[in-house]
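Have the viewer open and follow along.

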Amino acid sequence: MIPLASDTETRPDAAMRAAIAAAEVGDEQRGEDPTVNRLLERCAALLGKPAALFLPSGTMCNLVAIKLHTMPGDVVLAEGSSHVLRAEAGGAGLVAGTMTEPITGSPDVPPGTFTVADLERAVERITILPSPHGPPARLLCIEQTHNLGGGTVWPYETLAAVAGRARERGLAVHMDGARLMNAALASGVAAARWGALVDTVWLDFTKGLGAPIGAVLAGSEADIARARRLKHAFGGAMRQAGIAAAGCLYALDENIARLADDHANARRLATGLARIRGLRLSHGPPQTNIVFFEPGPDGPTAAQLVASCRQRGLGLGAVGTRVRAVTHLDVSVEDIDRALAIIAAAMAERRDRP
Ligand SMILES: *Cc1c(COP(=O)(O)O)cnc(C)c1O
């Protein structure tokens, strides 16, 4: 099966497994795991923050950050199709008791991003009545790259302006950087410079970086000290977690530069898809490693196309009316060409049916 459904499908290779097997370990919960501590030092520097915290998943990074920055009843603002609103099982409401306000980006900005004016509109909706009637807008979440937007990278100036305005409004700003290293590579803007725009930022090691477990949240010393308590309260404190952190350290050394291959493979896939009759790219050429495409009104549904490709040995994901393909280190150039042949065959079979 060609694994294009998600970059979470990567499996640790022999070299990463060797690094994991050789990991020095200690009790992470007490701050005594040397491998975790080395990872945190590296990540704090990488993300441009004084302190960092190892967590079992990206979802827990978002949850800890939301709880950290808000009180129950506060409003969390985020783009309407962001992961934190659509794909985290309502955790913020469950655990932090927050309300959410989706932000809709103007039609002329990259999908998943929005402008200062879009932010202002959302804040004004929330605060249509003065305090104490209106709920307090407290936190803005940014997703970089934006997953359902098609792996979009925020234009630096746009994000700087949006984060600056949010701060003037008294909001904290948090970045879901699940794929921040893809954004850093595509934009040429270092992760630390993106991190400097926000209060808290995290990086996922289980997406294109290819490790089996782990994410790191970074921020000020004070924020991370409070986040450590929340991690413990949420059951996220671990023991000999150096086993997991060793895979993350290996990924930092070996799997960042090669993200360029994933971006090239995504472009190759998109170029081929645009040539298949009856298909169109949902968001134009990809900036990073995610490609959304969709069959026309006379074609199969996205779910039918995904099912038909699966029978032919290609894994893709259906997201509503669109199909998502994600490149990563377990997908080669040859896999891309085979995937294109499979998708073309699935589309042709559909057309040939009476
Ligand atoms: C995958 C993902 C998450 C959640 O990360 P997990 O490690 O799977 O919990 C959060 N945000 C975005 C944008 C993601 O793609």
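## Around the ligand

The shell of residues around the ligand divides into six charged, six polar and two nonpolar residues. Please keep in mind that this is a predicted model. The shell counts 14 residues, and those that come nearest to the ligand are Gly58, Thr59, Asp176, Asp204 and Lys207. Two elements, α3 (58-69) and β7 (200-204), each supply at least two residues of this shell.

| Side chain (N or O atom) | Ligand atom | Distance |
|---|---|---|
| Aspartate 204 | oxygen | 2.7 Å |
| Asparagine 147 | oxygen | 3.2 Å |
| Histidine 83 | nitrogen | 3.5 Å |

How much of the ligand does the protein bury? Taken alone, the ligand exposes 380 Å², and 86% of that is buried by the protein.

## A look at serine 106

Let us turn to a single residue. Serine 106 sits in the loop that runs between β4 (99-103) and α6 (116-126). Is this residue buried or exposed? With a relative accessible area of 18%, serine 106 counts as buried, because the cut-off for that class is under 20%.

The side chain of serine 106 also has a polar partner: it makes a polar contact of 2.7 Å with the side chain of aspartate 118. Once neighbours within four places in sequence are set aside, the residues in contact with serine 106 are Thr115, Asp118 and Arg121.

## The chain as a whole

Stepping back, the chain is built with 14 helices and 13 strands. Its radius of gyration is 21 Å, close to the 20 Å given by the globule rule for 354 residues, so the chain is as compact as a globular protein of that length. Along the principal axes, the C-alpha atoms fill a box of roughly 65 × 60 × 35 Å.

Of the 354 residues, 55% are buried. The accessible surface of the chain comes to about 14,900 Å², and carbon and sulfur atoms account for 54% of this area. As for contacts between residues at least 6 apart in sequence, 75% join residues at least 24 apart.

Conventions. Residues are numbered from 1 along each chain as its sequence is written. This is a predicted model: local features need pLDDT of at least 70, side-chain atom pairs count only at pLDDT 80 or more; totals for chains, interfaces and linings use all residues. Side-chain values use heavy atoms; hydrogens and water are left out. A residue is near a molecule or strand if one of its heavy atoms lies within 4 Å of it. A polar contact is a pair of N or O atoms within 3.5 Å; within protein, one must be able to donate a hydrogen and the other to accept it, and residues adjacent in sequence count only if both atoms are side-chain atoms. Accessible areas come from the Shrake-Rupley method with a 1.4 Å probe; for residues, only the protein chains shown count as cover. Helices (H or I, at least four residues) and strands (E, at least two) are DSSP runs, numbered from the N terminus. Ala, Val, Leu, Ile, Met, Phe, Trp, Tyr, Cys and Pro count as nonpolar, Asp, Glu, Lys and Arg as charged, and the others, Gly among them, as polar. Buried means under 20% relative accessible area, exposed over 50%, partly exposed in between (1.4 Å probe, protein chains only). Contact means heavy atoms within 4.5 Å. The radius of gyration is taken over C-alpha atoms; the globule rule is 2.2 Å times the number of residues to the power 0.38.
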